[in-house]
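Let's go through this one together, question by question.

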Amino acid sequence: MIVRILNEGQWRLSDDAVRALNSFDDAVEQAVAAGDQDRLTSALHTLLDRIRTTGTPVPDEELEDSDLILPAGDSTLEEVQQLLSESEEGLIPGVTAP
Amino acid sequence: MTGIFQRISMIFRAKTDKALDKLEDPRQTLDYSYQRQLELLQKVRRGVADVATSRKRIELQANQLNTQADKLTNQAQKALEVGREDLAREALTRRSGLQQQLSDLQVQHAQLQGEEEKLTRASQRLQAKVDAFRTKKETIKATYSAAEAQTRINEAFSGISEEMGDVGLAIQRAEDKTAQMQARAGAIDELLASGALDDPTGTAKDDITLELEQLASTSDVENELARMKAAIGAGPSAAPQAIEGQQAPAQAQPPTQAAQPPGLDAQPPQEYQAPPSQGQEAPPAQPQGDLR
């Protein structure tokens, strides 16, 4: 599975490693819902560090789309919220999840 | 509701799908996309240059602030040497204000540097992907029929689109940051222009410098006078008298000046340049008189 960290690049991860990401997904979502920048930053940092250490970088010259896209480590709450509001827009025309 | 990461992933996919749907002939898609990639690549490179310019501007300002802070330290030192604690205090107060600005600038500088590195990396990554896309595009165009090409185009297209979406966000982010920095840099430029900081041309002098110069020139005059008096006292009486006659106006002026409180700035700085230069011309005449 390929994961993209925005502003950083793509990593190839094993399925096990991907499963472990779920808890971080929750942590990030809760931090965003609570409007807690510190929690968001720390959750993202832990998560991204794990991806960088467990995954292998996809070479620059490889053209592949990612299965999952993650915000950059230094994202602000507003940036993440903006990403999500765009995704709401994207959801309205009935684009289905893969 | 799906997870936050899934939702973010979906925006990118939705955007790619939308772009693909617009185009009917798959081969057109390839060329059109390639054009857009090249445009984006240019935009990233411009972005890198803009961030670098902002960074350099901040470096320049930090240098100016540093110079100014050093100067204020020297001024404080000089003021203390002549017993003006009030002036020294003023100089140090201004310096602490500058140091605040300076540490802000250092934070901004680090941020910009980080942004520049990320954007440079993004530019390299995009360049590699664009190259890969071009190769694929040519292969697809040469080898496959329009129908067969469609799937392969979609593959190549979605891969590059995602990269373009990512880089697009990165540029936007860098632009926002650069704009913020420029606003702050503008504020510091205004501060520099208002004369609160040193004038880079060196023409205008701040009030502390003026006052210190006044104090310094007063004591220079005193020293010069003392030196001349000593020379006259030591030399033969005939020759110095003639010189003394010439020197009279210059000598008459300084004592009254020395009597004035240093705060009075009735004498413009040029006045102080004059006595030393006269004094420099005079001494050669004097020693000659002494030698005879």
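**A hairpin and a contact between chains**

Strands β1(A) and β2(A) make a hairpin with three residues between them, and A:N7 in that turn has a positive phi of about 70°. This is a predicted model, in which local features need pLDDT of at least 70 and side-chain atom pairs count only at pLDDT 80 or more, while totals for chains, interfaces and linings use all residues. Residues are numbered from 1 along each chain as its sequence is written, chains are lettered from A and ligands numbered from 1 in the order written, and side-chain values use heavy atoms, without hydrogens and water.

Q: Which residue of β2(A) stands opposite A:I5?
A: Strands here are DSSP runs of E with at least two residues, numbered from the N terminus, and two strands pair if DSSP finds at least two bridges between them. β1(A) and β2(A) run antiparallel, joined by four bridges. Opposite A:I5 stands A:G9.

Q: Are A:I2 and A:V3 buried or exposed?
A: Buried means under 20% relative accessible area and exposed over 50%, with partly exposed in between (1.4 Å probe, protein chains only). A:I2 and A:R4 lie on one side of β1(A), A:V3 and A:I5 on the other, and all are buried.

Q: Which residue of chain A forms a salt bridge with B:D166?
A: A salt bridge puts a side-chain nitrogen of Lys or Arg within 4 Å of a carboxyl oxygen of Asp or Glu. Chains B and A share eight salt bridges. With closest N and O atoms 2.9 Å apart, the partner of B:D166 is A:R4.
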